[in-house]
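Here is a short report for a first look at a structure. Keep the sequence and the 3D view at hand.

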Amino acid sequence: MGKVAMVLLVLYLVVVMQLIHGLVSEDNWLEMGKEKVTHLHFYFHDTVSGKTPSSVRVAQAVGSDKSPTLFGVVMMVDDPLTEGPEPSSKLVGRAQGLYGSAGQEELGLIIAMNFGFTDGMYNGSTLCILGRNPALHPVREMPIVGGTGFFRLARGIAIFKTYWYNATTGDAIVEYNVTAIHY
Ligand SMILES: *[C@@H]1O[C@H](CO)[C@@H](O)[C@H](O)[C@H]1NC(C)=O
Ligand SMILES: *[C@@H]1O[C@H](CO)[C@@H](O)[C@H](O)[C@H]1NC(C)=O
Ligand SMILES: *[C@@H]1O[C@H](CO)[C@@H](O)[C@H](O)[C@H]1NC(C)=O
């Protein structure tokens, strides 16, 4: 073997070793980890009324207010997530994101939200939800499409039902059971 070929071979091996080392050390959680399953139970408080709503209308179509399903309305939310159903119950996170009325005949919301947790071992971790919410059905479900922190590479399902609803104000409290598979 020529000198040049030797040098190239050594360089090549050094690069490969570094790549392997990088994979093992930086993505340790992925290479070495096993998938875990986590179940979460909490309540979501969507307040559209009053002086400090947690859910505000940010857009609508010309005909939205005439539509029986408010088709075209888009809301931005920063809704508290609590341990129990009472608004004064312990805060465990916040649901931040958007929902919009995407159904013309039946109320069907498109939900794009991040659940950012602030409690205990989940503090700073998020779950990302993207799904359809036929809000008048007794029990609904939406996919978990990803996560960060404790919930890296999450996938899963959120099953939820309305716990309390005030038809006059539109305020709601929703009970959630979330099952996430993650690393
Ligand atoms: C969550 O983490 C933030 C930032 O690290 C910290 O300020 C806060 O006190 C933590 N909250 C809880 C409940 O541990
Ligand atoms: C959540 O799970 C608990 C325990 O299994 C159950 O009692 C409750 O009805 C469930 N709620 C929802 C919204 O699925
Ligand atoms: C709904 O909200 C209205 C207006 O704040 C209030 O008068 C009414 O008592 C509430 N109904 C329920 C069931 O909480």
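## Basis

This is a predicted model: local features need pLDDT of at least 70, side-chain atom pairs count only at pLDDT 80 or more, and totals for chains, interfaces and linings use all residues. Residues are numbered from 1 along each chain as written, ligands are numbered from 1 in written order, and side-chain values use heavy atoms, without hydrogens and water.

## Arg 140

Arg 140 is buried, at 5% relative accessible area (buried means under 20%, exposed over 50%, partly exposed in between; 1.4 Å probe, protein chains only). Its contacts beyond four places in sequence include Phe 160 and Val 174 (contact: heavy atoms within 4.5 Å). The Arg 140 side chain also reaches the backbone oxygen of His 137 at 3.0 Å.

## Ligand 3

A polar side-chain atom of Asn 166 lies 2.3 Å from a ligand 3 oxygen. Taken alone, ligand 3 exposes 360 Å², and the protein buries 32% of that.

## Salt bridges

The structure holds 5 salt bridges (a side-chain nitrogen of Lys or Arg within 4 Å of a carboxyl oxygen of Asp or Glu). Arg 155 pairs with Glu 35, with the closest N and O atoms 2.8 Å apart. These two are 120 residues apart and link distant parts of the chain. Arg 155 is partly exposed, at 42%.

Another bridge joins Arg 57 and Asp 65, at 3.1 Å between the closest N and O atoms. Arg 57 is partly exposed, whereas Asp 65 is exposed.

Definitions and conventions:
Polar contact = N/O pair within 3.5 Å; in protein donor to acceptor, adjacent residues only side chain to side chain. Areas by Shrake-Rupley, 256 points an atom, 1.4 Å probe, with all protein chains shown as cover. Helix = DSSP H or I, 4+ residues; strand = E, 2+ residues; numbered from the N terminus.
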